[in-house]
Amino acid sequence: MQIFGLWVAAFFTLGIISFLYKDNPWYKVCESIFVGISAGYWFVTLFWDNIYSLFYLGVAERGNYSLYVGAVLGLMMLLRLIPQIGWISRWPLAFVVGATAGLYIINYFASNIMVQVENTLTPLFADAFNQPTFSASVYNSIGNIVVAVGTFTGLVYFFFSKEHKGFMGGMAKIGIWTIMITFGASFGYTVMSRMSLLIGRMDFIFGDWLQLIK
Amino acid sequence: MKRDMLIYSAILIIALLLYFAVPKPIAFSPTVSYIVIVLIAVALIYIFIRTIQGKYVGRRIVFLFVGIAVVLPFFMTVTQPIRLSPEVKMVYDAIMKLKPGSKVLASFDYDPPSAPELQPMAETFFRLCIERDLKVIIMGLWPQGPQQAEMALRKTMTFPEAASKNYKYGVDYVNLGFQTGNEFVIQRMGSDFKSMFPNDYYGTPYDSLPLVRNVKNFSNIDYSFNLSAGYPGTVEWVQVAVDRYGLQMGTGNTAVQATSMYPYLRAGQLIGLLGGLNGAAEFEKACNKLGKGTKFMVSQSFSHVIVIAFIIIGNAAFFLGEKKKREKE
Amino acid sequence: MRREIPLIITAVVGIFFVLQYFIPHPPFNQLNGWFSDWFSIIGACAIWLGALNLIRISADKIYRRREDWGYAIIIIISFLLITIIGFWEGNAFRDSGTGFDWLYRFIYTPLSATMFALLAFFVASASYRAFRARNLEATLLLLAAFFVMLGRVPVGDALAGIFHVPESILPSSIATWIMNFINTAGQRAILIGIALGIVSTSLRIILGIERSYLGGE
């Protein structure tokens, strides 16, 4: 079964790779199987992990009857499949949107604004406020300046309510340079990531399947 | 259609030949490896000359070079020194500081497409935890995550040093499985793990598992390691578990996502970061447990060099073209 | 009824989740638990909805004999195959050696992983054809990418070693510096900018100013 499985996996791997040559029936078959299998995967996993384990056992074994409300809201969501009464799905949708919005206000404000701003407003030439001036290494001091200036000017660049001219324009210019270097780094990491995924698949083909790699 | 069938048959024949006729395994000697490298370099110079003459090579040629850059290094005997970056060392140091018996929460928030980057990290992490006698609680915010964890554990147990430890399910490690709800799952775990995971991955009730029976919430966790490929993942863990409940957390991310984790790292919200396959290789080096991360680094290096070469070729052609245009004007 | 009740639900639930942060005590913590459970169940049903909708669309395609309807049959068959096996095998469907596990390892994994691996080829092709140092900004982007790509793999330092480059300016050192400082600054500016956007949009949703999520009618 293991060897048969490897051949099946190789068939599908090569099928997807065949897209590099051109869009062809082999690729399309693989693509369709991928769509069906992944939809089915989610369907089954969510049934056992959520509907069965959380809801059914929650009510039947743990007596948590509040879960019925969740189940009703869930059913209302599924009613979207019936166009005539599909509008009912807005209720659970409203619940999800409201909950997410409420949670995001706090989470993003606390972690992505407060903590980040606090960590940017730090001494430039010392590692902490209680340390003497120039106690930080030159490497760290330059780094601190880059982070403070880069963050501030980057934010100036995103501030569109005032025209980017004069002093504001100069700041925005430094901001865009910082952001461009950031995007360059992101591009480098993206290349790294994509290559890693390909390496993984090629390792499967030449290693696991063909066993040509030592 | 006829042409397609011909190509499919050719692929099948090549596959059968490689499978049955080629002696296994293939390994190039250092001399052959260097000859191959020189040949690739010559081919790139040829492309460079053609490109500056205004004849851009087709995309399939670029694809071919990428394929060669990734595959050929598998057979080469080339070693490269790997340098540790500070963010990787932080993860290693944080784990090494834990006393034997400490509880580590490992959230597997990724699926197979990201496995080449994150699976080597997972395997090294398990090997280190087993060596240090740490208790691991596995879970996932992605449905495929706990299944990837199982695969990593199975692989880890093939290493003699891990197999000899007699690491027992339920006592030394548990897999709580997956639950929907993204950050809401983390938030609920802040007050009660059991409410989100009433049964583990295998359907065993939470209270029947000796390892987690007394684990109520994050306050019972000594360190957390998150393997993340997107949403929900490290960002949500930082926002809820770290900033709200004070969990100590390190993370391993796909390279695509790793760049956006640096602000959290600098702010101390993350204790260490492994970024992409390179992060995995560095982590293997730090732990002195060589694995797929290190093995794949040669291919990774070659593929980066090929992309850089193509960028240089493209830009050289662009600037020479611009110069010619100016001269004409 | 069709719009007012959803708006009220959004406002009440949204305000509740803001309040529960400040009052993590009864009855808020109890309600928080309930709401999180409900959220989880609705989330599962939403994904079910997606899967069922896919099947409905595919069935419709077959029924009307639309272009490529044959592939829709494959979608339905593969969906049914994994679903039937997954339900048949019961709660232990993912255990090693089950049919579901086999499908995961030998069909789902190679298909999904290869689909994403293809991007490696396209990113290289795009780098060759489109990544140009046309102006100062693009040059900065290109240089950063160059140092990060070279510095994050061992070959960068190995090549620099041939020319006896000092350790402080080895590609790996430069890449580490870029990542830890300039990248941190840029990412932080983006992070704060996005967070401000999310907070303001969330407020608009809770206050009922932003209603687009309710759709038309």
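## Where chains C and A meet

Chain C and chain A each bring 100 residues to their contact, with two residues counted as touching when their C-beta atoms, placed from the backbone, lie within 7 Å. On the chain C side, α1 (4-22), α2 (28-63), α3 (69-88), α4 (99-117), α5 (119-130), α6 (136-151) and α8 (171-206) each supply at least two residues. Helix α8(C) gives the most, 23 residues. Helices here are DSSP runs (H or I, at least four residues), numbered from the N terminus.

By type, this side of chain C holds 76 nonpolar, 17 polar and seven charged residues. Ala, Val, Leu, Ile, Met, Phe, Trp, Tyr, Cys and Pro count as nonpolar, Asp, Glu, Lys and Arg as charged, and the others, Gly among them, as polar.

## About the model

This is a predicted model: local features need pLDDT of at least 70 and side-chain atom pairs pLDDT 80 or more, while totals for chains, interfaces and linings use all residues. Residues are numbered from 1 along each chain as its sequence is written, and chains are lettered from A, and ligands numbered from 1, in the order in which they are written.

## A helix pair in chain C

The axes of α1(C) and α2(C), lines fitted to C-alpha atoms over the stretch in contact, lie 10 Å apart at an angle of about 130°. The two helices are therefore oblique to each other, meaning neither under 35 degrees (roughly parallel), over 145 (roughly antiparallel) nor 65 to 115 (roughly perpendicular).

From α1(C) come C:V13, C:F16, C:L19 and C:Q20, and from α2(C) C:F28, C:L31, C:N32 and C:F35. Six of these contact residues are nonpolar, two are polar and none is charged.

Terms used:
Axes fitted to C-alpha atoms, helices over the stretch in contact; angles between N-to-C directions.
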